[in-house]
Amino acid sequence: MAESVERLQQRVEQLERELAQERSRRAVGGGDGGGGRVRIEKMSPEVVDSNPYSRLMALKRMGILLLFDYDKVELANMNRLFFQPHQAGLSKVQAAEYTLRNINPDVLFEVHNYNITTVENFQHFMDRISNGGLEEGKPVDLVLSCVDNFEARMTINTACNELGQTWMESGVSENAVSGHIQLIIPGESACFACAPPLVVAANIDEKTLKREGVCAASLPTTMGVVAGILVQNVLKFLLNFGTVSFYLGYNAMQDFFPTMSMKPNPQCDDRNCRKQQEEYKKKVAALPKQEAAQEEEEIIHEDNEWGIELVSEVSEEELKNSSGPVPDLPEGITVAYTIPKKQEDSVAEVTVEDSGESLEDLMAKMKNM
C-alpha cells in the first residue's frame, strides 16, 4: 500500500512537471500560439517598448539559473517566500521554477531536487558548478547561498574552495531581527571555515540544538531586506559597478548596517582554502609593481608681487634669553626645550630705619599732612 502511494505521488509530480513545461512552452510563443511571445535571445541596451528589461540592465545574453534544494513547500513558508498555497507539497526548486518562469520566461532554469550535503550528491553538485555556466563546460559566474543551516554552508564552502569558485553567503538570525551577506573569494577573503561560528568550530550536531515543536522566528521584512542587499551586491559584482561589499550586516532593532572585510586565516582547517591563499599570493607577486609617483608640492604665489613677508614677533635676543644650556646627552637624543638660567635681581635692596614711633603716631602725622 505504501509503495502504491509513493508511485502515485511520483506520477503526480511527473504530470505537474510536464504541465509546467507545456505552460512554459506556450508562454514563450511555442505550441499552439496561445498568446505568448518569442523568447528573447539577446538583450538590447536600447530603451524601447519591445524590450521589457531594457530599463533595468543591458545584458547581451540571457542567464542560466541553477537551483538546488531538497525540501518541499509547506504552508508555513507562505509568510516569507514567493510560494503560493496551491504549491504546497511540491519540491521547492520545482515550485520556484514555475513562479520565476512566469515572471521572466527568458531565463533558462536547471533544477536539482536533492540534498547537496550527502556524499552521493556532492560530486554532482560540484560538477554543475564547474560546468553549468552560460556556455556548457564553463563554470558559473557566481554561487549564492541562501540556506538555513551550517551543514549546507560548509558543503558549499568546501566545494567552492576546491574549485576556486567565488560565492556569496547570506543568512538571517534565529530571532529574525538581524542578518548579513558575505562575499567569499577563495584565497583573497576569509572563507566560511576561516572564522566559523561556534556550532561549526565545536563540531556540534545542529539537530541537537533544535527543540521539539519549536522553530526559528520568521519575519518577512528582515528576510526581504537581507535578500534585497544580497541581490544588490550580486548586480554590482556581475555588472562591475559601485562598491561590492565583502561583508554587510543588518540589525533591524537599531537600523544598523555594519560593514567590514575579513582576510583569510592562514591556519584555516580547510586545506583547499590554504591552497587558494598560496595561489593568490603568487598571483599578486606576479603583478607588475607600480611605483608611486611623487607629486611635487605646488608653490603658491612664487612671484610675491606685493612683497608680503612673514616676520617673527620674537627677536633673536629674546629667543636666546628664553633658552638655557643644552645638556650633554647620548647620540640620537634631543630635548624638546631648555630651561633658561634664573637671572639675578640687579636692583639694590632698600632698607628702612626703625624710628621708634608707634602706629598711632604715624597715622596722626598722615592726617596732618
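## Two exposed loop residues

Asn240 is exposed, with a relative accessible area of 70%, where exposed stands for over 50% relative accessible area, buried for under 20% and partly exposed for what lies in between, as found with a 1.4 Å probe and protein chains only. The residue is found in the loop between H6 and E6, the helices (H or I, at least four residues) and strands (E, at least two) being DSSP runs numbered from the N terminus. Although Asn240 is not a glycine, its phi is positive, at about 60°.

Asp255 lies in the loop between E6 and E7, and this residue, which is not a glycine, has a positive phi of about 50°. With a relative accessible area of 57%, Asp255 is exposed.

## The model and the chain as a whole

This is a predicted model, in which local features need pLDDT of at least 70 and side-chain atom pairs count only at pLDDT 80 or more, while totals for chains, interfaces and linings use all residues. Residues are numbered from 1 along each chain as its sequence is written, and side-chain values use heavy atoms, with hydrogens and water left out.

The secondary structure of the chain comes to nine helices and seven strands. Of the 369 residues in the chain, 28% are buried, and the accessible surface is about 27400 Å², 53% of which belongs to carbon and sulfur atoms; these areas come from the Shrake-Rupley method with a 1.4 Å probe, and for residues only the protein chains shown count as cover. Among contacts (heavy atoms within 4.5 Å) between residues at least 6 apart in sequence, 51% join residues at least 24 apart.

## The open sheet

Five strands form an open sheet with mixed pairing, in the order E3-E4-E5-E6-E7, where two strands pair if DSSP finds at least two bridges between them. At the edges stand strand E3 (143-145) and strand E7 (259-260), each of which pairs on one side only. E3 and E4 pair in the parallel sense over three bridges, and Leu144 has Met168 in E4 as its bridge partner. Strand E4 (residues 167-172) pairs with strand E5 (residues 178-184) in the antiparallel sense over six bridges, with Gly171 opposite His180 in E5.

H4 packs on the sheet, where it touches E3 and E4, and its direction makes about 170° with that of E4; axes are lines fitted to C-alpha atoms, for helices over the stretch in contact, and angles run from 0 to 180 degrees between N-to-C directions. Helix H6 (residues 220-239) lies across E3, E4, E5 and strand E6 (247-251), also running at about 170° to E4. E4 is mostly covered, since five of its six residues are buried.

## A buried loop residue and a partly exposed one

Thr166 is found in the loop between H4 and E4 and counts as buried because its relative accessibility is 14%. Leaving aside neighbours within four places in sequence, Thr166 is in contact with Leu142, Val143, Leu183, Ile184, Ile185, Pro186 and Phe237.

Gln84 lies in the loop between strand E1 (64-69) and helix H2 (92-103), and this residue counts as partly exposed because its relative accessibility is 35%. Leaving aside neighbours within four places in sequence, Gln84 is in contact with Met78 and Thr99. The C-alpha atoms of Gln84 and Ala95, which are eleven residues apart along the chain, are separated by 8.6 Å.

## Nonpolar cores

A nonpolar core is a set of buried Ala, Val, Leu, Ile, Met, Phe, Trp, Tyr and Cys residues joined through side-chain atoms within 4.5 Å. The largest one has 20 residues, of which Phe125, Val143, Ile156, Trp167, Cys191, Cys194 and Cys268 touch the most other members. Helix H3 (119-131) and helix H4 (150-163) each supply at least two residues of this core, and H3 gives the most, with four residues.

Not counting residues up to four places away in sequence, Cys268 touches Cys191, Ala193, Cys194, Cys273, Arg274 and Gln277. A second, separate core has eleven residues, including Leu142, Met168, Leu230 and Val234.

## Aromatic pairs

A search of the whole structure finds four aromatic pairs, rings of Phe, Tyr and Trp (its six-membered ring) being paired if their centres lie within 6.5 Å, with planes under 30 degrees apart counted as stacked, over 60 as edge-to-face and the rest as tilted. Phe68, Tyr114 and Phe125 are linked into a cluster by ring pairs.
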